[in-house]
Amino acid sequence: MSRSVKKTKVCIIGGGPSGLLLSQLLNVNGIECIVLEKETREYVLGRIRAGVIEHGYAKLMREAKCGDRMDKEGEIHEGFQIAFDGKLYRMDLKKYSGGETVIVYGQVELTKDLYDAHDRLGVKIIHKVENVVLHDIKSTAPFVTYRCGDEDFQIDCEYIIGADGFHGVSRKSIPADVLTEYEKVYPFGWLGILSRTKPVSPELVYVKSERGFALCSIRSQVLSRYYIQVPMADKVEDWSDDAFWDELKRRLPAEVSKNLITGPSIEKSIAQARSFVAEPMSYGRLFLAGDAAHIVPPTGARGLNTAASDIYYLYHAMLDYYKKGDSSGLQHYSEKALARVWKNQRFSWWMSMLLHGFPGRNQYEDKLQNAEMDYLFSSDVAQRSFAEHYVGLPY
Ligand code: APR
Ligand code: PHB
């Protein structure tokens, strides 16, 4: 079978936020790469995900020359609210992190900015690829084959980046006896609604109620994102918009729910809560990044931010290699990335265990959960630790 052969330095599999951010950073620094994406650009931009960005991530977007719209339209948030027992508590991120903040800016907008930045540089992402196969990843001459339309292609490269998400092919290309997978599945999902309505509060509100968790989040002053914890077996079709709004109101304290403006959903989906890590994050000339290597439950919005820290380490390792001939960053990428990944795994797990309802569990654990909340609200030390994680651990 004949294949067209292309040559590049780095072949990136996956055109989601991880793959695009790395490609943009490499392109800006004159390091040639090719991105292969299974879906169309419209499809990638149709996936609604979280919307809180750590300051370190924001810095990386600026370095990639695509932070202008984020800085103009994203909202800087200095804190958020937690509702518990009918009362509201403010988490002062700026005060307890020593001056840091987060930016509320949707993942869709950020991904769009990355695509637009590629357009400005004249770099084309290859969409609608099929049958992507990684070859010879243990050798110094790895290559990737794929089909696009009616043609077969081969990319000869020096390194392969697996940024193809949880269901991608890259992780599966590492032999099973080399890879260890760690997983925890939570007994609930998050039912989310996007609505063209003014947010209920100027800051995010995380809610721990007797009926389960809820979150009031923000995309802009005219676009809101709300979530409620639902049992694992629930389907989107089980929830009309009215049923969603009614349940959300029941979980909010009266002083919040009285301000809730409801409207038709423009998107509605359920995300299952799951923690997952694959180790190691590299094998031969293949490096995994983002959801391809690890996922977290949505609580605390660490998923996208942890993907960004992988890219930070990979980008710097690649710069060291291509600009100074130093491959030590690449050699130590997996252990360096995993150290931060596990800290964010712990934080996401802890925040999920703190705020959700676990029907049917031992009442002793419910008591502990309430004591943990009490401790958080009454201890400066606990709030400092919380803020340190939420604004983003150092890279
Ligand atoms: N070949 C090419 N592309 C693929 C393949 C494949 N075989 N399999 C999957 N992809 C593409 C998907 O279509 C998707 O666009 O890889 C991309 C992976 O993107 P994401 O799943 O968004 O993962 P990532 O870029 O690591 O983003 C980090 O953080 O907030 C979380 O889960 C959230 O998407 C977010 C993630
Ligand atoms: C979101 O806006 O989608 C969001 C915000 C904060 C979270 C999780 C999700 O902790």
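Three elements, β20 (294-295), α9 (303-324) and α11 (333-355), each supply at least two residues to the lining of the largest cavity in this predicted model. Helices (H or I, at least four residues) and strands (E, at least two) are DSSP runs numbered from the N terminus. A cavity is a set of points, on a 1 Å grid over the protein atoms alone, where a 1.4 Å probe fits but cannot get out, and lining residues have an atom within 4 Å of a point. The greatest contribution to the lining of the largest cavity comes from α11, with three residues. The lining consists of Gly290, Asp291, His294, Ile295, Val296, Gly303, Thr306, Val341, Asn344 and Gln345. By class, three of these residues are nonpolar, six polar and one charged; Ala, Val, Leu, Ile, Met, Phe, Trp, Tyr, Cys and Pro count as nonpolar, Asp, Glu, Lys and Arg as charged, and the others, Gly among them, as polar. The volume of the largest cavity is about 50 Å³, where a volume is the space filled by probe spheres set on the points, with grid points joined across faces, edges and corners. Three cavities of 30 Å³ or more are found in the whole structure.

The second largest pocket (an open set of grid points with protein on both sides within 12 Å along at least five of seven lines) has a volume of about 410 Å³. Its lining comprises 21 residues, with Lys208, Ser209, Glu210, Arg211 and Asn370 nearest the centre. Two or more lining residues come from each of β6 (79-84), β14 (205-209) and α12 (363-378). The lining of this pocket divides into seven nonpolar, seven polar and seven charged residues.

Ligand 2 is surrounded by 15 residues, the closest being Tyr206, Ser217, Arg219, Tyr227 and Gly300; a residue counts as near if one of its heavy atoms lies within 4 Å. Polar contacts are pairs of N or O atoms within 3.5 Å. A polar side-chain atom of Tyr206 lies 2.5 Å from an oxygen atom of ligand 2. For Arg219, an N or O atom of the side chain is 2.8 Å from an oxygen atom of the ligand, and for Gly300 a polar backbone atom is 2.8 Å from an oxygen atom of ligand 2.

An open sheet of four strands runs in the order β1-β11-β10-β9, with mixed pairing; strands pair if DSSP finds at least two bridges between them. Its edge strands are β1 (4-7) and β9 (129-135). β1 pairs with β11 (residues 151-156) in the parallel sense over four bridges, and Ser4 stands opposite Phe153 in β11.

Residues are numbered from 1 along each chain as its sequence is written, and chains are lettered from A and ligands numbered from 1 in the order in which they are written. Local features need pLDDT of at least 70 and side-chain atom pairs count only at pLDDT 80 or more, whereas totals for chains, interfaces and linings use all residues; side-chain values use heavy atoms, with hydrogens and water left out.

Note on methods
Polar contact = N/O pair within 3.5 Å; in protein donor to acceptor, adjacent residues only side chain to side chain.
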